Amino acid sequence: MTFIPKTIETLITSTVEPDGVLPVSVRRQLTQQQKSRGAATVSFVDQRADNLIETADESVDVVISLQAAARMMETGLDWRKSVQEAARVLKPGGRFLFVEQSIMDGGVKYLEYVGNLGAYDINEIVDDGI
């Protein structure tokens with residue numbers, strides 16, 4: 001597993017688990033990468049993705065969401081709030097990288113929802129219709 005690029009200095013965690021606690025298996029994988037690859041310093045923070053209370057406004061360069069919204073819907077978390085929280089914690093010029101379903105609950109188009117929270121360059125977006 002090579003999830004954390006060596007160029008990342010610090011990784012702050014969040015989870016889609018309803019209790020806000022990062023699973024032990026995820027902690028183990030990230031710790032192993034940190035040790036074996038000399039990857040980022042991992043700051044394990046037990047915080048739900050829809051409430052990044054432990055992360056300051058405009059303090060993060062990149063937020064990554066990999067199919068978290070669908071999992072959040074399954075566990076009763078608010079995927080819309082997680083997008084709002086991502087926008088809040090990103091530094092000006094920061095990036096929100098995501099792989100998500102195109103259409104969410106109630107027919108909401110994920111890309112349109114994200115786009116309404118801030119400016120984005122349409123040339124940087126790849127929508128493969130998943």
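Student: Which element gives the largest share of the nonpolar patch?

Tutor: In this predicted model, Val-62, Ile-64, Leu-66, Leu-97 and Val-99 make a nonpolar surface patch of about 410 Å². The elements that contribute two or more residues to the patch are β3 and β4 (90–99). The largest share, 3 residues, comes from β3.

Student: Is Ile-64 buried, partly exposed or exposed?

Tutor: Ile-64 is placed in strand β3 and is one of the residues of the nonpolar patch. Buried means under 20% relative accessible area and exposed means over 50%. Because the relative accessibility of Ile-64 is 45%, the residue counts as partly exposed.

Student: How many residues apart are Asp-61 and Lys-91, the pair that links distant parts of the chain?

Tutor: The side chains of Asp-61 and Lys-91 form a salt bridge, at 3.4 Å from N to O. Asp-61 belongs to strand β3 and Lys-91 to strand β4, and the two are 30 residues apart.

Student: Which parts of the structure does the pair of Asp-105 and Arg-80 tie together?

Tutor: Asp-105 and Arg-80 form a salt bridge whose closest N and O atoms are 4.0 Å apart. The two residues are 25 residues apart in sequence, so the pair ties together the loop between β4 and α4, where Asp-105 lies, and helix α3, where Arg-80 lies. Asp-105 is partly exposed, with a relative accessible area of 35%, and Arg-80 is partly exposed, with 27%. The parts tied together are thus the β4–α4 loop and helix α3.

Student: Which residues are joined with Glu-85 into one network of salt bridges?

Tutor: Glu-85 and Arg-88 both lie in helix α3, 3 residues apart, about one turn of the helix, and their side chains meet in a salt bridge of 3.0 Å, N to O. Glu-85 counts as buried because its relative accessibility is 5%, whereas Arg-88, at 25%, counts as partly exposed. Through salt bridges that share partners, the network joins Glu-85 with Asp-57, Lys-81 and Arg-88.

Student: Against which elements do the buried residues of α2 pack?

Tutor: Helix α2 covers residues 68–75, and its residues Ala-68, Ala-69, Ala-70, Met-72 and Thr-75 are buried. Just after α2, Gly-76 takes a positive phi of about 85°. The buried residues of α2 pack against β3 (60–66), α3 (79–89) and α4 (110–115).

Methods:
Residues are numbered from 1 along each chain as its sequence is written. This is a predicted model: local features need pLDDT of at least 70, side-chain atom pairs count only at pLDDT 80 or more; totals for chains, interfaces and linings use all residues. Side-chain values use heavy atoms; hydrogens and water are left out. Buried means under 20% relative accessible area, exposed over 50%, partly exposed in between (1.4 Å probe, protein chains only). Helices (H or I, at least four residues) and strands (E, at least two) are DSSP runs, numbered from the N terminus. Contact means heavy atoms within 4.5 Å. Patches are made of residues with over 30% relative accessible area and no salt bridge: like charges are joined within 9 Å, nonpolar side chains (Val, Leu, Ile, Met, Phe, Trp, Tyr) within 5 Å. Accessible areas come from the Shrake-Rupley method with a 1.4 Å probe; for residues, only the protein chains shown count as cover.
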